[in-house]
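Biologist: Can you walk me through this one? I'm new to it.

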Amino acid sequence: MKVLVIGANGQVGTHLITKLAERGHEPVGMIRDTDQVKAIEDAGGKTVLGDLEKDFSQALYGCEAVIFAAGSGPHTGADKTIMIDQEGAIKAVDEAKQQGIKRFVMLSTVGSDYPEKGPDEMKPYLYAKKRADEHLKATNLTYTILRPGRLSNDPGTGKVRASETLEDKSGQIPREDVAAVLAEVLENEHTFNRSFEVLDGDHSISDAIGQL
Ligand code: NAP
(Lines give C-alpha, C1' and ligand atoms only; values in the text may rest on other atoms or scores of the structure.)
Protein backbone atom coordinates (compact mmCIF):
# COMPACT_ATOMS: atom_id res chain seq x y z
CA MET A 1 0.00 0.00 0.00
CA LYS A 2 1.29 3.47 -0.86
CA VAL A 3 1.19 5.30 2.46
CA LEU A 4 1.93 8.95 3.13
CA VAL A 5 3.68 9.52 6.45
CA ILE A 6 3.26 13.13 7.58
CA GLY A 7 6.05 13.94 10.02
CA ALA A 8 8.34 11.34 8.43
CA ASN A 9 11.53 13.03 9.62
CA GLY A 10 10.32 12.93 13.21
CA GLN A 11 11.51 10.43 15.77
CA VAL A 12 8.42 8.23 15.46
CA GLY A 13 8.09 9.00 11.75
CA THR A 14 11.50 7.67 10.76
CA HIS A 15 10.91 4.39 12.63
CA LEU A 16 7.51 4.23 10.95
CA ILE A 17 9.02 4.46 7.46
CA THR A 18 11.22 1.46 8.35
CA LYS A 19 8.33 -0.56 9.82
CA LEU A 20 6.09 0.10 6.82
CA ALA A 21 8.82 -0.83 4.35
CA GLU A 22 9.53 -4.05 6.30
CA ARG A 23 5.85 -4.97 5.86
CA GLY A 24 6.04 -4.52 2.11
CA HIS A 25 4.27 -1.16 1.95
CA GLU A 26 5.48 1.77 -0.13
CA PRO A 27 5.98 4.53 2.44
CA VAL A 28 6.29 8.10 1.22
CA GLY A 29 7.60 10.52 3.81
CA MET A 30 6.38 14.09 3.73
CA ILE A 31 9.33 16.29 4.67
CA ARG A 32 10.03 20.02 4.74
CA ASP A 33 13.68 20.03 3.78
CA THR A 34 15.65 18.25 1.05
CA ASP A 35 18.42 17.62 3.62
CA GLN A 36 16.05 15.04 5.12
CA VAL A 37 15.74 12.95 1.92
CA LYS A 38 18.68 10.64 2.67
CA ALA A 39 17.45 9.68 6.15
CA ILE A 40 14.05 8.71 4.78
CA GLU A 41 15.50 6.82 1.82
CA ASP A 42 17.92 5.01 4.16
CA ALA A 43 14.89 4.02 6.26
CA GLY A 44 13.25 2.51 3.17
CA GLY A 45 10.91 5.24 1.93
CA LYS A 46 10.46 7.74 -0.83
CA THR A 47 9.96 11.42 -0.07
CA VAL A 48 7.74 14.29 -1.05
CA LEU A 49 8.09 17.91 0.03
CA GLY A 50 5.22 19.42 2.00
CA ASP A 51 4.63 21.86 4.82
CA LEU A 52 1.52 21.67 6.98
CA GLU A 53 1.44 25.46 7.18
CA LYS A 54 1.18 25.72 3.38
CA ASP A 55 -0.68 23.90 0.61
CA PHE A 56 0.57 20.30 0.78
CA SER A 57 -2.20 18.70 -1.28
CA GLN A 58 0.26 17.37 -3.88
CA ALA A 59 1.91 15.21 -1.20
CA LEU A 60 -1.19 13.00 -1.02
CA TYR A 61 -1.50 12.34 -4.77
CA GLY A 62 -1.72 8.63 -5.51
CA CYS A 63 -1.61 7.53 -1.86
CA GLU A 64 -4.00 4.92 -0.46
CA ALA A 65 -3.57 5.83 3.20
CA VAL A 66 -2.27 8.66 5.35
CA ILE A 67 -0.58 8.38 8.73
CA PHE A 68 -0.29 11.66 10.62
CA ALA A 69 2.75 11.56 12.93
CA ALA A 70 3.71 15.25 12.87
CA GLY A 71 3.67 17.72 15.70
CA SER A 72 5.04 21.14 16.56
CA GLY A 73 6.94 19.71 19.55
CA PRO A 74 7.08 20.76 23.18
CA HIS A 75 9.22 23.89 22.67
CA THR A 76 6.82 25.97 20.59
CA GLY A 77 3.97 28.13 21.81
CA ALA A 78 0.25 27.47 21.61
CA ASP A 79 0.06 29.28 18.25
CA LYS A 80 2.23 26.64 16.54
CA THR A 81 0.46 23.86 18.40
CA ILE A 82 -2.81 25.04 16.90
CA MET A 83 -1.28 25.58 13.43
CA ILE A 84 0.37 22.14 13.23
CA ASP A 85 -1.18 19.66 15.66
CA GLN A 86 -4.73 20.91 15.14
CA GLU A 87 -5.10 22.78 11.84
CA GLY A 88 -2.38 20.81 10.02
CA ALA A 89 -4.02 17.53 11.01
CA ILE A 90 -7.48 18.82 10.07
CA LYS A 91 -6.18 19.94 6.66
CA ALA A 92 -4.62 16.50 6.14
CA VAL A 93 -7.93 14.81 6.96
CA ASP A 94 -9.85 17.13 4.61
CA GLU A 95 -7.33 16.62 1.84
CA ALA A 96 -7.53 12.82 2.19
CA LYS A 97 -11.31 13.09 1.95
CA GLN A 98 -11.08 15.39 -1.05
CA GLN A 99 -8.73 13.01 -2.87
CA GLY A 100 -10.79 9.88 -2.09
CA ILE A 101 -8.16 8.38 0.22
CA LYS A 102 -10.18 6.23 2.59
CA ARG A 103 -7.71 5.20 5.29
CA PHE A 104 -6.36 7.63 7.89
CA VAL A 105 -4.33 6.80 10.99
CA MET A 106 -3.81 9.56 13.56
CA LEU A 107 -0.99 9.59 16.10
CA SER A 108 -2.68 11.33 19.00
CA THR A 109 -1.92 11.19 22.71
CA VAL A 110 -3.22 9.93 26.01
CA GLY A 111 -5.43 12.65 27.46
CA SER A 112 -6.74 14.04 24.17
CA ASP A 113 -10.23 12.74 24.94
CA TYR A 114 -10.40 14.64 28.25
CA PRO A 115 -8.16 17.72 27.86
CA GLU A 116 -9.95 19.56 30.66
CA LYS A 117 -8.35 17.12 33.12
CA GLY A 118 -4.81 17.72 31.86
CA PRO A 119 -2.23 20.00 33.49
CA ASP A 120 -2.64 23.66 32.50
CA GLU A 121 0.56 23.77 30.47
CA MET A 122 -0.60 20.79 28.39
CA LYS A 123 -4.12 22.06 27.73
CA PRO A 124 -3.48 23.88 24.41
CA TYR A 125 -1.84 20.71 23.08
CA LEU A 126 -4.50 18.36 24.43
CA TYR A 127 -7.37 20.49 23.09
CA ALA A 128 -5.62 20.77 19.71
CA LYS A 129 -5.25 16.98 19.53
CA LYS A 130 -8.85 16.49 20.62
CA ARG A 131 -10.16 18.81 17.91
CA ALA A 132 -8.12 17.01 15.27
CA ASP A 133 -9.29 13.60 16.52
CA GLU A 134 -12.94 14.71 16.62
CA HIS A 135 -12.68 16.15 13.13
CA LEU A 136 -11.36 12.85 11.81
CA LYS A 137 -14.06 10.86 13.60
CA ALA A 138 -16.78 13.02 12.06
CA THR A 139 -15.70 12.12 8.50
CA ASN A 140 -16.52 8.96 6.59
CA LEU A 141 -12.84 8.02 6.45
CA THR A 142 -11.81 4.71 7.98
CA TYR A 143 -9.84 5.96 10.94
CA THR A 144 -7.71 4.62 13.74
CA ILE A 145 -6.65 6.99 16.50
CA LEU A 146 -3.65 5.87 18.51
CA ARG A 147 -3.13 7.49 21.92
CA PRO A 148 0.27 6.60 23.37
CA GLY A 149 1.48 7.74 26.77
CA ARG A 150 4.88 9.32 27.34
CA LEU A 151 7.35 8.44 24.57
CA SER A 152 10.92 7.28 25.15
CA ASN A 153 13.90 6.70 22.89
CA ASP A 154 14.58 3.26 24.33
CA PRO A 155 14.86 0.49 21.76
CA GLY A 156 11.52 -1.09 20.93
CA THR A 157 10.58 -4.26 22.78
CA GLY A 158 7.57 -5.25 20.69
CA LYS A 159 5.61 -5.62 23.96
CA VAL A 160 2.77 -3.28 24.80
CA ARG A 161 -0.56 -2.92 26.61
CA ALA A 162 -3.51 -1.40 24.80
CA SER A 163 -7.05 -0.51 25.72
CA GLU A 164 -9.67 2.08 24.80
CA THR A 165 -8.93 3.48 28.26
CA LEU A 166 -5.92 2.13 30.14
CA GLU A 167 -6.55 2.00 33.87
CA ASP A 168 -2.89 2.64 34.68
CA LYS A 169 -1.47 5.35 32.45
CA SER A 170 1.92 5.48 34.18
CA GLY A 171 5.02 4.33 32.36
CA GLN A 172 6.12 5.11 28.86
CA ILE A 173 6.54 3.52 25.46
CA PRO A 174 9.50 3.51 23.07
CA ARG A 175 8.93 5.54 19.91
CA GLU A 176 9.98 2.47 17.93
CA ASP A 177 7.07 0.51 19.44
CA VAL A 178 4.63 3.33 18.67
CA ALA A 179 5.80 3.13 15.06
CA ALA A 180 5.31 -0.64 15.09
CA VAL A 181 1.75 -0.22 16.39
CA LEU A 182 0.99 2.39 13.72
CA ALA A 183 2.27 0.01 11.02
CA GLU A 184 0.29 -2.88 12.54
CA VAL A 185 -3.05 -1.04 12.66
CA LEU A 186 -2.86 0.19 9.07
CA GLU A 187 -4.57 -2.88 7.60
CA ASN A 188 -5.94 -4.39 10.81
CA GLU A 189 -9.74 -4.17 10.48
CA HIS A 190 -10.18 -4.75 14.21
CA THR A 191 -8.84 -1.22 14.72
CA PHE A 192 -10.98 0.43 12.05
CA ASN A 193 -13.00 3.37 13.37
CA ARG A 194 -11.58 2.95 16.87
CA SER A 195 -9.39 4.92 19.25
CA PHE A 196 -7.14 3.32 21.83
CA GLU A 197 -4.41 4.04 24.33
CA VAL A 198 -1.06 2.25 24.31
CA LEU A 199 1.90 1.99 26.66
CA ASP A 200 4.70 -0.46 27.31
CA GLY A 201 3.50 -3.85 28.51
CA ASP A 202 3.73 -7.63 28.32
CA HIS A 203 1.78 -8.53 25.20
CA SER A 204 2.92 -8.74 21.62
CA ILE A 205 1.54 -5.89 19.54
CA SER A 206 -0.78 -8.15 17.55
CA ASP A 207 -2.12 -9.80 20.74
CA ALA A 208 -2.63 -6.46 22.49
CA ILE A 209 -4.53 -5.12 19.49
CA GLY A 210 -6.49 -8.35 19.10
CA GLN A 211 -7.72 -8.02 22.69
CA LEU A 212 -9.08 -4.51 22.22
P1 NAP B 1 9.12 14.84 16.56
O2 NAP B 1 10.38 14.07 16.54
O3 NAP B 1 9.16 16.24 17.09
O4 NAP B 1 8.56 14.88 15.07
C5 NAP B 1 7.57 15.77 14.66
C6 NAP B 1 7.61 15.86 13.14
O7 NAP B 1 6.60 16.82 12.73
C8 NAP B 1 8.95 16.34 12.58
O9 NAP B 1 9.34 15.50 11.53
C10 NAP B 1 8.64 17.72 12.03
O11 NAP B 1 9.33 18.08 10.87
C12 NAP B 1 7.16 17.56 11.66
N13 NAP B 1 6.57 18.87 11.48
C14 NAP B 1 6.52 19.90 12.37
N15 NAP B 1 5.97 20.97 11.79
C16 NAP B 1 5.65 20.62 10.52
C17 NAP B 1 5.08 21.30 9.41
N18 NAP B 1 4.74 22.59 9.47
N19 NAP B 1 4.91 20.63 8.25
C20 NAP B 1 5.28 19.33 8.14
N21 NAP B 1 5.85 18.62 9.15
C22 NAP B 1 6.04 19.27 10.32
O23 NAP B 1 7.99 14.10 17.38
P24 NAP B 1 7.94 12.56 17.84
O25 NAP B 1 8.75 12.38 19.07
O26 NAP B 1 8.19 11.70 16.64
O27 NAP B 1 6.41 12.46 18.29
C28 NAP B 1 5.39 12.44 17.32
C29 NAP B 1 4.09 12.91 17.94
O30 NAP B 1 3.70 12.00 18.98
C31 NAP B 1 4.15 14.24 18.67
O32 NAP B 1 4.03 15.32 17.77
C33 NAP B 1 2.98 14.16 19.62
O34 NAP B 1 1.80 14.68 19.02
C35 NAP B 1 2.78 12.67 19.81
N36 NAP B 1 2.98 12.24 21.22
C37 NAP B 1 4.10 12.61 21.91
C38 NAP B 1 4.29 12.18 23.23
C39 NAP B 1 5.56 12.50 23.98
O40 NAP B 1 5.75 11.97 25.10
N41 NAP B 1 6.44 13.29 23.44
C42 NAP B 1 3.32 11.39 23.84
C43 NAP B 1 2.19 11.02 23.13
C44 NAP B 1 2.04 11.46 21.80
P45 NAP B 1 10.91 18.51 10.90
O46 NAP B 1 11.64 17.22 11.11
O47 NAP B 1 11.13 19.13 9.58
O48 NAP B 1 11.07 19.45 12.07
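This is a predicted model: local features need pLDDT of at least 70, side-chain atom pairs count only at pLDDT 80 or more; totals for chains, interfaces and linings use all residues.

Biologist: Which residue stands opposite Ala162 in strand 10?

Modeller: Val198 does.

Biologist: What about strand 6 and strand 10, parallel or antiparallel?

Modeller: Parallel. Strand 6 covers residues 142-148, and five bridges join it to strand 10. Leu146 stands opposite Phe196 there.

Biologist: How many residues of strand 10 are buried?

Modeller: Six of the seven, counting residues 194-200. Buried here means under 20% relative accessible area. So strand 10 is largely enclosed by the rest of the structure.

Biologist: Zooming out, how many helices and strands are in the protein chain?

Modeller: Six helices and eleven strands. The radius of gyration is 16 Å, close to the 17 Å that the globule rule gives for 212 residues, so the chain is as compact as a globular protein of that length. Its C-alpha atoms fill a box of roughly 40 × 35 × 35 Å along the principal axes.

Biologist: And what share of the 212 residues is buried?

Modeller: Buried residues make up 50%. The chain exposes about 9900 Å², and carbon and sulfur atoms supply 46% of that area.

Biologist: Switching to contacts: what share joins residues 24 or more positions apart?

Modeller: 66%, among contacts with a separation of 6 or more.

Biologist: Last one, charges. How far apart are the mean positions of the positive and negative ones?

Modeller: 2 Å, for 25 positive and 34 negative charges.

Technical notes. Residues are numbered from 1 along each chain as its sequence is written. Side-chain values use heavy atoms; hydrogens and water are left out. Helices (H or I, at least four residues) and strands (E, at least two) are DSSP runs, numbered from the N terminus. The radius of gyration is taken over C-alpha atoms; the globule rule is 2.2 Å times the number of residues to the power 0.38. Buried means under 20% relative accessible area, exposed over 50%, partly exposed in between (1.4 Å probe, protein chains only). Contact means heavy atoms within 4.5 Å. Accessible areas come from the Shrake-Rupley method with a 1.4 Å probe; for residues, only the protein chains shown count as cover. Lys and Arg count as positive and Asp and Glu as negative; His and the chain ends are not counted. The place of a charge is taken as NZ of Lys, CZ of Arg, CG of Asp or CD of Glu. Two strands pair if DSSP finds at least two bridges between them.
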